[in-house]
Amino acid sequence: MAMIEFQGKSFEIDEDGFLLKFEDWGPEWAEYVKESEGISEITEAHQQILDFLQDYYKKNGIAPMVRILSKSTGYKLKQIYELFPSGPGKGACKMAGLPKPTGCV
């Protein structure tokens with residue numbers, strides 16, 4: 001698999017640019033994805049979604065469905081897309097360090 005070097009850290013990624021190992025996540029990864037996703041800054045709203053995704057993944061081993069993400073965070077799907085232009089699966093899950101979602105995220 002491919003390796004990314006960013007801010008002095010190395011990250012192993014899959015063919016779609018997702019981290020291969022969740023435990024490799026760090027703030028440097030979020031900064032890397034932020035730039036590639038066209039997000040100017042990680043706001044408190046971004047961080048709330050990232051924290052929820054990571055907590056859910058740690059407990060369940062998968063990313064939550066969009067409905068669960070929206071209901072649990074209080075953000076409507078439109079707001080999530082405004083925060084993460086490529087969507088909750090590609091943008092938010094990638095930034096949170098989760099593996100590429102297989103289902104409806």
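The protein chain contains 5 helices and 2 strands, taken as DSSP runs numbered from the N terminus (H or I over at least four residues for helices, E over at least two for strands). The model is predicted, so local features require pLDDT of at least 70 and side-chain atom pairs pLDDT 80 or more, whereas totals for chains, interfaces and linings use all residues. Residues are numbered from 1 along each chain as its sequence is written, and side-chain values use heavy atoms, with hydrogens and water left out. In sequence order, the elements follow the pattern β-β-α-α-α-α-α.

The C-alpha trace spans about 35 × 30 × 20 Å along its principal axes. The radius of gyration of the chain is 13 Å, which agrees with the value near 13 Å for a compact globule of 105 residues; it is taken over C-alpha atoms, and the globule rule is 2.2 Å times the number of residues to the power 0.38. Of the 105 residues, 46% are buried (under 20% relative accessible area, 1.4 Å probe, protein chains only).

Helix H2 (residues 44-60) and helix H5 (residues 87-96) have axes that come within 9 Å and cross at roughly 75 degrees; axes are lines fitted to C-alpha atoms over the stretch in contact, with angles from 0 to 180 degrees between N-to-C directions. H2 is therefore roughly perpendicular to H5 (65 to 115 degrees). Ile-49, Leu-50, Leu-53 and Gln-54 of H2 meet Ala-92, Cys-93, Met-95 and Ala-96 of H5, contact meaning heavy atoms within 4.5 Å.

Note on methods:
Parallel < 35°, antiparallel > 145°, perpendicular 65-115°, else oblique. Buried < 20%, exposed > 50% of the residue type's maximum accessible area, 1.4 Å probe, protein only.
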